Structures are given as structure tokens and as C-alpha cells.
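Open the model in a viewer and keep the selection panel at hand. The stops below say what to select and what is found there.

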Amino acid sequence: MLLPVNAAMMDACVLAALEKEDTYGYRITQQLTHGLGVSESSLYPVLRRLQKDGCLSTYDVAISGRNRRYYRITDRGRQVLATYRREWVEYKRRIDEILSPIQQESQEENLS
Amino acid sequence: MTRSEFLAALRRRLSHLPPEEQDAALKYYEEYFDEAESEEEAARQLGSPDAIADRILADYGAGRAHAAEKKPGRSPWFYVAIVSLCILFSPVILGVGGAALAAALTIACLFLVAVVGVIGGFLCAALALLAAFVILLVACVPAFASFPPAGTLLLGASLACAGMGALLGVFTGYLCYWTGLLFRAMFTCGRRKKGAKAK
């Protein structure tokens with residue numbers, strides 16, 4: 001992607017993915033790196049930071065002779081996600097205001 | 001790069017972090033290798049373990065700096081807890097405070113009584129000697145008339161009383177002066193301490 005995704009956006013996307021369902025490291029990494037065009041190495045620090053901030057918790061599930069660590073969104077994570085969603089709407093509105101192309105009618109008005 | 005090479009390099013680069021940080025990171029990347037279709041595919045996707053370690057270290061440092069910034073401010077709950085504890089233990093606090101105040105007042109009173117007693121005692125003794133001097137002086141006049149040696153004795157005793165009385169009087173005066181100095185020193189010392197605290 002031409003426009004880079006910053007740390008706050010990464011947090012928001014991880015929380016949004018976990019809001020849908022609990023998931024494990026490899027899966028969420030694949031989902032988000034393909035969706036956002038970021039490198040595979042960028043996901044772990046985000047997950048660790050969110051975990052330390054109390055936005056997500058982990059639990060291990062035994063699967064084919066080993067443990068798979070699942071991530072689950074916490075109540076605090078949901079609050080943070082709600083804040084990010086509001087911020088994103090506001091951000092999008094402001095950028096759209098500046099970026100949106102000139103309307104056809106107003107162009108004609110200017111010409112006449 | 002194989003799985004074991006990758007993980008060993010990562011562990012080496014993270015060795016300065018606390019054990020739980022190392023374990024969490026290693027666990028995540030071990031799992032990544034386990035889940036990936038192949039070892040080569042995972043290693044190719046993840047790239048250099050050094051770069052990964054650098055990101056983890058940078059993020060850990062930033063998190064720590066952030067936590068350190070937050071630390072000095074105490075949460076309002078701390079103050080709420082302190083106030084609640086004060087209210088809860090007010091009988092104890094008042095009791096102990098009252099006892100301390102009573103003890104301090106008692107000591108101050110005893111000190112005052114002692115000072116007044118000693119000074120008063122000396123003053124009384126001086127006055128008594130002065131009175132004895134006057135009585136003996138008056139008594140020696142008829143004694144001289146009837147039996148001169150007795151008169152002389154009484155006069156001598158009277159003069160001795162006068163001398164001792166004068167000495168005691170002077171001493172009592174000094175005692176008052178010293179006590180005054182002591183009280184003034186205590187008072188100004190206390191005021192200076194209060195002034196220093198106010199600054």
C-alpha cells in the first residue's frame with residue numbers, strides 16, 4: 001500500500017479482528033499482513049503491547065501434541081476499539097473533506 | 001535459515017530482556033514455525049531474526065519509558081484510601097494523639113512546677129533569713145540590756161542571717177534570670193524550626 005499503516009491503526013485492526021473471534025498468532029498475522037500490506041515481523045510487538053496494556057488476554061489450547069496460544073479481546077480492549085472506531089470516522093471525514101474531487105455541477109457553475 | 005537457527009539467533013539477541021519477555025517472544029515465533037506450511041516458508045516470511053529482535057527491543061524500551069513517565073502520578077484512589085483509613089482509624093488516631101498531647105502537657109507542667117518550686121524555695125529561704133535577721137536584731141536590744149554576751153551572740157546570729165539571706169537573694173535573682181534565658185532560648189528555637197518548615 002502507498003499509504004502506510006501506523007501503530008495506532010495496527011492496534012485498532014488487531015482489536016477489530018479479535019472482536020470477531022478468538023484467534024492464534026499465526027492466523028492473525030496472516031490475516032492482517034495480507035490485509036494491510038505490513039511485514040510478518042510487525043505483528044508480534046503489537047500483540048505483546050496490547051496484552052501488556054490489558055486490551056487482550058491469552059490462553060493455551062493443546063493441539064496435535066503442542067500448545068497453541070489464543071488471543072482474546074478484554075473489556076478494556078473493547079473500550080479502546082470503540083475509541084479507535086470513533087477516531088477513525090473523524091479522521092476519514094477530515095481527510096475526505098480535503099481529498100474529495102470537485103463535484104460536476106459546481107465545476108459547471110464555475111465555467112458559466 | 002532453519003527453524004532452530006532462527007530461534008537461537010532470536011534468543012541470543014533478546015538475552016538482555018527479562019525472562020518472561022524472552023519466553024513470550026520465543027513462544028510466538030516457535031508457534032509461527034509450527035503453523036506455517038514449511039520451515040522455509042516461515043523463515044522467508046519472517047525475514048531476519050536480528051530485525052525482529054530489534055523491533056521487540058525497541059518496543060520494550062518504549063513501553064518501559066512510557067511506564068516510567070506514568071509512574072510519578074498517584075491514582076486518586078490512593079488518596080481516597082488514605083482518607084478512608086484516617087476516618088476508619090480516627091478513634092485510634094485521636095486516642096494516640098490525645099495521649100501524646102496529655103503526656104506533653106504533663107511534662108511541661110511538671111517542669112514548670114519544678115522551676116517555680118525551686119525558685120520559690122530559694123526565695124522563701126531568703127525571705128525567712130531576712131525575717132530572722134530583723135527578729136534577732138530587735139531581740140538583741142533587750143538582751144544587751146540584761147546580759148551583754150547574749151546580746152552579742154544574738155547580734156552576730158542576726159548579721160549572719162542577713163549575710164546568708166542576701167547571698168540567697170542574689171542567687172535567686174540569678175536563678176530567675178537563667179530560667180528566663182532558658183525559656184527564651186526554647187521559644188526562639190521553636191519559632192526558628194517552624195520558620196524553617198514554612199520555607
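The tour goes through a predicted model, beginning with the contact between two chains and ending at a single residue.

**Stop 1: chains A and B together.** Colour chain A and chain B separately. At their interface, 22 residues of chain A are in contact with 20 residues of chain B. About 1,900 Å² is buried between the two chains, and carbon and sulfur atoms give 49% of that area. Next select A:Tyr26, A:Glu40 and A:Tyr44: these supply 36% of the area that chain A buries against chain B, more than any other three residues.

Stop 2: Six salt bridges are found across the interface of chain A and chain B. To look at a salt bridge here, select A:Arg66 and B:Asp34, whose side chains meet at 4.0 Å, N to O.

**Stop 3: the chain A side.** Show helix H2 (25-36), helix H3 (43-52) and strand E3 (66-73) of chain A, the elements that each give two or more residues to the side touching chain B. The largest share, seven residues, comes from H3(A). By class, this side of chain A has seven nonpolar, seven polar and eight charged residues.

**Stop 4: a residue in chain B.** Move to helix H7 (residues 148-198) of chain B and select B:Thr179. Is B:Thr179 buried or exposed? B:Thr179 counts as buried because its relative accessible area is 13%, and the cut-off is under 20%. Its side chain reaches the backbone oxygen of B:Leu175 at 2.7 Å. Leaving aside neighbours within four places in sequence, B:Thr179 is in contact with B:Val115 and B:Ile119.

Definitions and conventions:
Residues are numbered from 1 along each chain as its sequence is written. Chains are lettered from A and ligands numbered from 1 in the order in which they are written. This is a predicted model: local features need pLDDT of at least 70, side-chain atom pairs count only at pLDDT 80 or more; totals for chains, interfaces and linings use all residues. Side-chain values use heavy atoms; hydrogens and water are left out. Helices (H or I, at least four residues) and strands (E, at least two) are DSSP runs, numbered from the N terminus. Buried means under 20% relative accessible area, exposed over 50%, partly exposed in between (1.4 Å probe, protein chains only). A polar contact is a pair of N or O atoms within 3.5 Å; within protein, one must be able to donate a hydrogen and the other to accept it, and residues adjacent in sequence count only if both atoms are side-chain atoms. Contact means heavy atoms within 4.5 Å. Buried area is the accessible area (1.4 Å probe) that two parts lose on being put together, summed over both. Ala, Val, Leu, Ile, Met, Phe, Trp, Tyr, Cys and Pro count as nonpolar, Asp, Glu, Lys and Arg as charged, and the others, Gly among them, as polar.
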